Amino acid sequence: MSIRSVKRVVQAQPHLEGAGVKLQRAFGFGNTTEFDPFLLFDDFRNDVPHDFLAGFPWHPHRGIETITYVLAGAVEHGDSLGNRGSLGAGDVQWMTAGSGIIHQEMPHGDPQGRMHGFQLWANLPSSLKMTAPRYQDVSSRDIPAVTDDDGTHVRVVCGEFWGRRGPVEGIAADPSYLDVSVPPGRRKTLPVETSRHAFAYVFAGSGRFVNASDPLPVKTDHTGDLDAAVYREAGDRSLIVFDRGDEVTVQAGEHGIRFLLVSGKPLEEPVAWHGPIVMNTQAELRQAFREIREGTFIK
């Protein structure tokens, strides 16, 4: 068995999206090759309604899938195909934009005014870029959860883990999307298929993602980025980028740790990307925006 080493630990950065929603972006746009098949990850946790109520009004998508996971509050959504719905605490929506969809997402706070959630973008392979759009709306009660003897708790949104399979199916990149909680002071090793790219995103507590069963080397004055990643404790809004291997080990801090562990098979295809449209060539990208202007985008 091979523990995945930590390539780096970075903090999500503030961004303004939609009609003025303040969020934190862990990665997205630019070169996202090391996250392939994933393109973008946003943390839209916010406790100030003024900073999120303007939402994400009508906008197009093509060539990708968007995965929305709500922790608190609600997200009302609607689209150009006539679909309407609401995501509440613990719910997930896996939207395959495929050939094209125009939709809106309008967040609402809970009774305390909180809107907490995440959105992940996954790329589609060239063979499915123009597939028919579809939704997989999953209620919180339908997401399987498993608790190990040491108290580690995992919600399985997508993929198979500890004998439980998540309800989201039929995704080209065969991703795994797990919500993991490890109790204070515990060390936990979790399987991740070697061929996948993988990352973790911490959103409660803290911990260190290393081979915690081995002693740490003596720290010297000359420590590079890898040493910094080994010694650094990852706290709230930390993105952990892993190297290759078939296991991830986390040592939970004194208050425990909760994080998303996401992995997927790389598509290894060219990416032509502008805003909410992701295709394989610049010609396909220009065609998509031409169709938006001409009103022929929706198939």
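**Close-up views of aromatic pairs, salt bridges and a pocket**

**View 1. F199 and its ring partner F38.** With a relative accessibility of 1%, F199 counts as buried, a word that here means under 20% relative accessible area, while exposed means over 50% and partly exposed lies in between (1.4 Å probe, protein chains only). F38 and F199 form an edge-to-face aromatic pair, with 6.1 Å from centre to centre and 85° between the planes; rings of Phe, Tyr and Trp (its six-membered ring) pair if their centres lie within 6.5 Å, and planes under 30 degrees apart are stacked, those over 60 edge-to-face and the rest tilted. This pair links distant parts of the chain, since F38 belongs to strand 4 (residues 38-43) and F199 to strand 19, 161 residues apart. Strands (E, at least two residues) are DSSP runs numbered from the N terminus. F38 is buried, as is F199.

The model is a predicted one, in which local features need pLDDT of at least 70 and side-chain atom pairs count only at pLDDT 80 or more, whereas totals for chains, interfaces and linings use all residues. Residues are numbered from 1 along each chain as its sequence is written, and side-chain values use heavy atoms, with hydrogens and water left out.

View 2. The structure holds 17 aromatic pairs. In one of them, the ring centres of F27 and F199 lie 5.2 Å apart and the planes meet at 80°, so the pair is edge-to-face. Because F27 sits in strand 3 (residues 21-28) and F199 in strand 19, the pair ties together parts that are 172 residues apart in sequence. F27 has 6% relative accessibility and therefore counts as buried. Both F27 and F199 belong to one aromatic cluster, whose members are F27, F35, F38, F41, Y69, F118, Y177, F199, Y201 and F203.

View 3. Side chains of opposite charge can pair when their charged atoms come close. A salt bridge here is a side-chain nitrogen of Lys or Arg within 4 Å of a carboxyl oxygen of Asp or Glu, and by this rule the count comes to 19 salt bridges. The side chains of E160 and R165 form one of these, with 3.0 Å from N to O. E160 is exposed, at a relative accessible area of 51%, and R165 is partly exposed, at 46% relative accessibility.

View 4. R196 forms a salt bridge with D174, the closest N and O atoms being 3.1 Å apart. This pair links distant parts of the chain: R196 lies in the loop between strand 18 (187-191) and strand 19 (197-208), and D174, 22 residues apart from it, lies in the loop between strand 16 (164-165) and strand 17 (176-182). R196 is buried, with a relative accessible area of 8%, while D174 is partly exposed, at 33%. The side chains of R196 and E193 also meet in a salt bridge, at 3.5 Å from N to O, and E193 is partly exposed, with a relative accessible area of 39%.

**View 5. The lining of the largest pocket.** The largest pocket is lined by 20 residues, and those nearest its centre are E17, F56, H59, Q119 and W121. The elements that give two or more residues to this lining are strand 3, strand 4, strand 5 (56-61), strand 10 (101-108) and strand 11 (116-123). Strand 5 gives the most, with four residues. On a 1 Å grid over the protein atoms alone, a pocket is an open set of points where a 1.4 Å probe fits, with protein on both sides within 12 Å along at least five of seven lines, and lining residues have an atom within 4 Å of a point.
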